[in-house]
2 protein chains.
Amino acid sequence: MFLVSLIPIRPGSASGGGPPERRDAARNRELLLAAARELIDECGADGLTMDKLAERAGVGKGTVFRRFGSRAGLMMTLLSDAEAEFQGRFMFGPPPLGPGAPPLDRLIAFGAGRIGYVLEYGDLARAADHSLYNRFEVPAVVLWHRHIEYLLRAAGFDADPWLMAMSLSATLDPERLLHAVRVHGVSPERLEETWRELVTRVVGSAE
Amino acid sequence: MFLVSLIPIRPGSASGGGPPERRDAARNRELLLAAARELIDECGADGLTMDKLAERAGVGKGTVFRRFGSRAGLMMTLLSDAEAEFQGRFMFGPPPLGPGAPPLDRLIAFGAGRIGYVLEYGDLARAADHSLYNRFEVPAVVLWHRHIEYLLRAAGFDADPWLMAMSLSATLDPERLLHAVRVHGVSPERLEETWRELVTRVVGSAE
DNA sequence: ATACTAAACGGACTACGGTCCGGATGTTAT
DNA sequence: ATAACATCCGGACCGTAGTCCGTTTAGTAT
């Protein structure tokens, strides 16, 4: 089963190609991930700074950035298990999220799944999204986009599915979802219902 | 004609309430705005730093932040004329953007107007959007949201117009629009067309 | 004019993300 | 075992947004 990484750099020992990782590097990665989880437990994802992380893990700051590339890269790594699980569900899992259900049902389920994911991981998901530069070029983000585009096409939506997929993705942006829930008290059910309404109408008129 | 400021702080001598501004403060504001426009001409909006701005204007850094609150606040101030003009058009101007046209036509025109605005001001609009904290609570942003919500209701959309307006707003986010245009070569016409498609379908099925 | 006060000033300071490079370390070929 | 080499390490360093507080100054009352 092919999964697309949330992170653009080597995720460990797997993912073919290059030479294997040196043992000290692997050890430091584990130290860093453990320290990161500790810090997030104590201070929340927003309270994690790269300096604190380096100190806690007992490594230099350069090591942190060599491993993860950026703060967002670190957050993506911490989410990669959950991300892989979600990818597995919408690509190969049971309907309606996985293949087998009508495209519209899959689209609705995809949004609900993504909303649940974002609300579950909260600040972590938001921090992982804050790439600033290539926020839209992260492999996993590209995959979501292509999945939505594919479902739109499958549902018979022919007018610029690529761009419409981009617009629909915008709706699921973690920052916006969390803001709606935390500041305006919107319930997850309302979020899911609005997504359902949105995609139903976008796809529905395409028949 | 009531216009809602893009910036939450006193925009100058007008906007009643508090005591008038001291003359040195007013002079420094003008110095800063002139210096900011110069720097943006020379280095682009992304190349403007608060230190360079303070130095160029010949004032202390503290003064810059007392005036504008943040980098995003400065950018909003620089955009406030254009923003006021846009507000005037969609609230009081001629149809289809202004009142008089059917709600759906106004919605379509609003998106097209906003797309044009974002593409015209580019990095400046993006920088102004980067508040990070209360990005969604800026008065002008709230106004756009309420305008979309109002038009949705007027068009007969009854299922959670507030949240649907938020979803539709997400589509017009400067970062996304600029990314689509600059990285993926999407034309403004395609953006407008997708917006038209989106709101037509959302509103259309509501009858 | 003078004294007084509230506002504004300036720039040193902090916090943070991210970069750099000389030195240390693991891996591998001989 | 040794040498050679690629990789990794650490932490000093940088640029930037934003804060703080002792000092200065504009407006005002006398």
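## Two copies of one chain

The same surface serves both of them, since 100% of the contact residues of chain B recur in chain A, contact meaning heavy atoms within 4.5 Å.

This is a predicted model, in which local features need pLDDT of at least 70 and side-chain atom pairs count only at pLDDT 80 or more, while totals for chains, interfaces and linings use all residues. Residues are numbered from 1 along each chain as its sequence is written, chains are lettered from A and ligands numbered from 1 in the order in which they are written, and side-chain values use heavy atoms, with hydrogens and water left out.

## Domains of chain A

Chain A is divided into domain 1, residues 23–69, and domain 2, residues 79–204, with bounds that come from an automatic or database domain assignment. Taken over C-alpha atoms, the centres of these two domains of chain A are separated by 29 Å.

## The surface near DNA strand D

DNA strand D is surrounded by 23 residues, and the closest are Arg22(A), Asn28(A), Gly62(A), Arg66(A) and Lys61(B); a residue is near a strand if one of its heavy atoms lies within 4 Å of it. Of the atoms of DNA strand D that come within 4 Å of the protein, sugar and phosphate account for 56%. The residues of this surface divide into six nonpolar, six polar and eleven charged, where Ala, Val, Leu, Ile, Met, Phe, Trp, Tyr, Cys and Pro count as nonpolar, Asp, Glu, Lys and Arg as charged, and the others, Gly among them, as polar.

At least two residues of the surface near DNA strand D are supplied by each of α1 (23–43) and α3 (61–68) of chain A and α1 (23–43) and α3 (61–68) of chain B. Helices are DSSP runs (H or I, at least four residues), numbered from the N terminus. The most is given by α3(A), with five residues.

## The surface near DNA strand C

Around DNA strand C there are 23 residues, of which Arg23(A), Lys61(A), Arg71(A), Asn28(B) and Arg67(B) come nearest. Sugar and phosphate account for 55% of the atoms of DNA strand C that come within 4 Å of the protein. Here the residues divide into six nonpolar, seven polar and ten charged, and α3(B) gives the most to the surface, with five residues.

A base oxygen of DNA strand C lies 3.1 Å from a polar side-chain atom of Arg22(A). Phosphate oxygens of DNA strand C lie 2.8 Å from a polar side-chain atom of Arg71(A) and 2.9 Å from a backbone N or O atom of Met50(A).

## Helix α7 in both chains

In chain B, ten of the eleven residues of helix α7 (residues 161–171) are buried, so this helix is largely enclosed by the rest of the structure; buried means under 20% relative accessible area, computed with a 1.4 Å probe on protein chains only. Among the buried residues of α7(B) are Pro161(B), Leu163(B) and Met164(B). They pack against α7 (161–171), α8 (174–184) and α9 (188–204) of chain A, together with α6 (139–154), α8 (174–184) and α9 (188–204) of chain B.

Helix α7(A) is likewise mostly covered, with ten of its eleven residues buried. The buried residues of α7(A) pack against α6 (139–154), α8 and α9 of chain A, and also against α7, α8 and α9 of chain B.

## Two residues in detail

Leu97(A) lies in the loop between α4 (71–92) and α5 (103–129) of chain A, and with a relative accessible area of 8% Leu97(A) is buried. Leaving aside neighbours within four places in sequence, Leu97(A) is in contact with Phe86(A), Arg89(A), Phe90(A), Arg106(A), Ala109(A) and Phe110(A).

Glu21(B) lies in the segment before α1 of chain B. Its side chain is joined to that of Arg29(B) by a polar contact of 2.3 Å and to that of Arg67(B) by a polar contact of 3.5 Å. A polar contact is a pair of N or O atoms within 3.5 Å; within protein, one must be able to donate a hydrogen and the other to accept it, and residues adjacent in sequence count only if both atoms are side-chain atoms.

Terms used: Buried means under 20% relative accessible area, exposed over 50%, partly exposed in between (1.4 Å probe, protein chains only).
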